[in-house]
Amino acid sequence: MTARTLVSQLTGRARTAAHTRTTTCPCGTDVTLAHRPDGTVVRHEQTVAKAHAPGTDPRELAQRLSLAAALPDILLAPVEPAPVPLHGRLVTFWPYGIPLDPDEPDSAPWEAAGDLLARLHRTPVDTATLPAMRGPLKAARAVERLRTAGPHPAADSVLRAWDALPAWARAEAPAPHTTTLCHGDLHLGQLVRQPAPEGRWLLIDIDDMGTGVPAWDLARPAAWYACGLLTPDEWDRFLTAYRAAGGPAVPPAGDPWPALDVPARALTVQTAAQAIVKSAEAGRPLDEVEELVLAACGRMASVPPDAPHRPVSSEQAQGFAK
């Protein structure tokens, strides 16, 4: 099936689902929100349809859908309780939520992100019936794509930073902590207001959700902070909200970095690997932000991780940005 056919048929499914939800659908323009190998997302008015990545495990996706339906104050709840097939892909349906406006970064909901994460991490779960959080696996796949993309002058420092990480962070061994419900791929694009346009903030994208190390969910903001891409004020707002809501990933006070060190390094490497591959595919040089992340990978080697015995401090982490 061609990409155009997938989008067309997925749009038809979204339209049908929207008309099932209401008899007064205004039927405006259909919108393709995302079209990537790991998922295609289309919208018809207030209903969104997502075709998940090929090979998605139907049992695990059903478990994650059930969790989203059971936690409507934290996660956007699906419109329908089970995925449906579409030419070998699994499709799920969701209400439309308003994402953060990329042109207004100062309005980023750092407090909401911290609060939602903490409440997700505090949710009691039956670990025997849930899949593992897929964060380390996504990082490992990004590094594998870098390895197979061919030589690149910036790749060596990224691979050295990756090889220095413990096996669990490279998805080569079980995680040391598997009793906490984690999102698995937290960034600001994973928050929407629902109902649109002024509803509460909720987490979206359940594909990587499962049990694992909760610090992984704080790792991308932590990595941005360490790389100089997130201001100390923004980082403090996020961390303070997380702690105020009783988040278990870091101690309630004091230096959080011993808990965040390894996951933040892994997310820095993942981001750098993706940047190199995308820039090479597009035939363009690395941009300023990508250069900062790559430079951080190079500096990591001077402060190797030694978790859990001798992780770096916040001061050392901020040294990655200098």
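By class, how many nonpolar, polar and charged residues does the lining of the largest cavity have? In this predicted model, local features need pLDDT of at least 70 and side-chain atom pairs count only at pLDDT 80 or more, whereas totals for chains, interfaces and linings use all residues. Residues are numbered from 1 along each chain as its sequence is written, and side-chain values use heavy atoms, with hydrogens and water left out.

A search of the whole structure finds 1 cavity of 30 Å³ or more, a cavity being a set of points, on a 1 Å grid over the protein atoms alone, where a 1.4 Å probe fits but cannot get out. The space in the largest cavity is about 70 Å³, the volume being that filled by probe spheres set on the points. Its lining, made of residues with an atom within 4 Å of a point, consists of G135, K138, G184, D185, L186, W216, D217, R220, L267 and Q270. Two or more of these residues come from each of α4 (135–148), α6 (215–227) and α8 (257–282), helices being DSSP runs of H or I with at least four residues, numbered from the N terminus. The lining has 3 nonpolar, 3 polar and 4 charged residues, where Asp, Glu, Lys and Arg count as charged and Gly is among the polar ones.

The element that gives the most to this lining is α6, with 3 residues. Of the 13 residues of α6, 12 are buried, that is, under 20% relative accessible area with a 1.4 Å probe and protein chains only; among them are W216, D217 and R220. After α6 comes G228, whose phi is positive, near 85 degrees.

Conventions. On a 1 Å grid over the protein atoms alone, a cavity is a set of points where a 1.4 Å probe fits but cannot get out, and a pocket is an open set with protein on both sides within 12 Å along at least five of seven lines; lining residues have an atom within 4 Å of a point. Buried means under 20% relative accessible area, exposed over 50%, partly exposed in between (1.4 Å probe, protein chains only).
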